[in-house]
Amino acid sequence: MKILVCISHVPDTTAKISFTNDNKTYNKDNVQFIISPYEELALTRALELKEAKGEGTITVINVGGAETEPTLRKALAMGADDAIRVNAEATDAYFVATQIAEVAKANSYDIILTGKESIDYNGGQVGEMIAEILDIPSITSVSAIDVDGNKGILEREIDGGYEKMECEFPFVGSGQKGIAPEPRIPAMRGIMMARKKPLAVVEPTNSDNLTEVEVHTLPEPKGACKIIDADNAKELIRLLHEEAKAL
Amino acid sequence: MSILVYTENWDGKFKKQSYELLSYANEIAKMTSSELVAVSIGKVSDEELKSLGKYGAAKIYNVNDDKFNTMSSQAYTKAISEIAEKEGAKTIVFANTYTGRSVAPRLAIRLKAGLVPGCVALPTSTSPVIVKKKAYSGKAFADVKVNADIAILTLNQNSYTINEDAKDAEIVAFNPSVSDTDFKVKTLDVMKASDRLDVGDAEILVAGGRGMKSAEKFKILDEMAEAIGPHCTVACSRPVSDLDWRPHYEHVGQTGKVVAPNLYFAFGISGAIQHLAGVNSSKVIVAINTDKDAPIFEAADYGIIGDAFEVAPKLIEAIKELN
């Protein structure tokens, strides 16, 4: 069983958001980068599936410059067997998906996992795009996954419940919260071993950027909060009804 | 030229968000002097389909083959792409829902279109298309330019107002060329909890955090949501769902659901940056917290510094008087 997990290298969830280059580019100064949380969960589940089956390889892939290698090393420390870095800036989902699909074509993975979205661009496009390029099925927002022979048994959240599905290999799944309960924390042994695991750097294939960010803006700062006395809580309902017209 | 809009149905009915999406797409159609064409997949009555005309749809493609009862992203992509090519659509609009997220990226590959997911406003330019989307999980916005002949946009819920623009819509029955190999994902079981209102669909959310102390004590918020009415439901912060006081589908925030209701009550939620990222598009935010320095007050429009268990019953009483 061969699983490919696509990793994005994103600012830590508590990082301050600011921009440079006329607000086109994210300001990386003093920012810690991490594996995007949904992908960290997807990788954790991939490792569990391999351990349960007693065989298989888990490859992690990222499209990015050399500065993203520590993020791939962390994935290796968590337990992935090998890593691939496509040496190009991850500018647009179409571009990224073409790069990963190119690698996938040469390696016939049984399952390709992504996160439901990266926490920086919030696109949630790459997994489904890879599936369309490879002409294989895709399941979005997977909250549970198991393997039975050459089939995946998956669950996704729907309004008020869950839908359970099965799909033969190969397929793409994008993981959301629930796919694994908690991300795996690398142990010291894993961190030591990660240094020796293979990390291949491949050059990008020709592709296009079909979208580009013109400018970033920050949300308007809120006006002052109107404080209502706790003893007069009913006044709040009157204000919400008459002033804010929200009730 | 036409603007294509995929109008999703839920058990044969359209929702408020379908009309919101149509109104949005209709405005783009006006900006580009194009015809608004809707696509509906699944069993929907003609009368229900006609309701799309009220919000500007001039033509409705109706794909109702039983095969499409399973949401296969491959088959849906083929069907919509066939219609898009037939209509020469230059802009295609989806809601940013499960189906939109499953189909729009595949369609972007098929049509070599530029996709902007999670749009929150009308395009500021239509040639080239430039449109604002949420980024950094609600902590910022990005104006994105499309460098392709075709643009695909997915619209976040509660980002646009519903506007009527009545047209006598023509319904066109359509059989797309799909085969069995486009339906490789099989549904085994559907577990539907109830006809509960989803946190993403609610106009008003009553949310609680760790300050609600226990699963038992949290129930006062159920009572409040019920008093407000059927357009209101309960939500919670991450620690609350992690502690299993409440189900995961009620978790709102950066790693849960990102929501934008008209009114958001935060009881006993301190306002961690990850939580605020998921709720800061709410039109009005109300915070109730014992800690006057809690960051939630910086994001709130109205606040009460006080104990949730003392304040909530008073609010419930006032709401009952109001209704």
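Modeller: A residue counts as buried if 20 or more other C-beta atoms lie within 10 Å of its own, as exposed if 12 or fewer do, and as partly exposed in between, with C-beta atoms placed from the backbone. Helices (H or I, at least four residues) and strands (E, at least two) are DSSP runs, numbered from the N terminus. This is a predicted model, in which local features need pLDDT of at least 70 and side-chain atom pairs count only at pLDDT 80 or more, while totals for chains, interfaces and linings use all residues. Residues are numbered from 1 along each chain as its sequence is written, and chains are lettered from A in the order in which they are written.

Colleague: How many residues of helix α2 of chain A are buried?

Modeller: Seven of the ten residues in α2(A), which spans residues 69-78, are buried, among them L72(A), L76(A) and M78(A). Just after this helix, G79(A) adopts a positive phi of about 140 degrees.

Colleague: Which residues of chain B are in contact with chain A, by class?

Modeller: Contact requires C-beta atoms, placed from the backbone, within 7 Å, and by that criterion 76 residues of chain B touch 63 of chain A. Helix α4(B), residues 98-111, supplies the largest share of chain B's side, eight residues. By class, that side holds 38 nonpolar (Ala, Val, Leu, Ile, Met, Phe, Trp, Tyr, Cys, Pro), 19 charged (Asp, Glu, Lys, Arg) and 19 polar residues (the others, Gly among them).

How values were computed:
Two residues are in contact if their C-beta atoms, placed from the backbone, lie within 7 Å.
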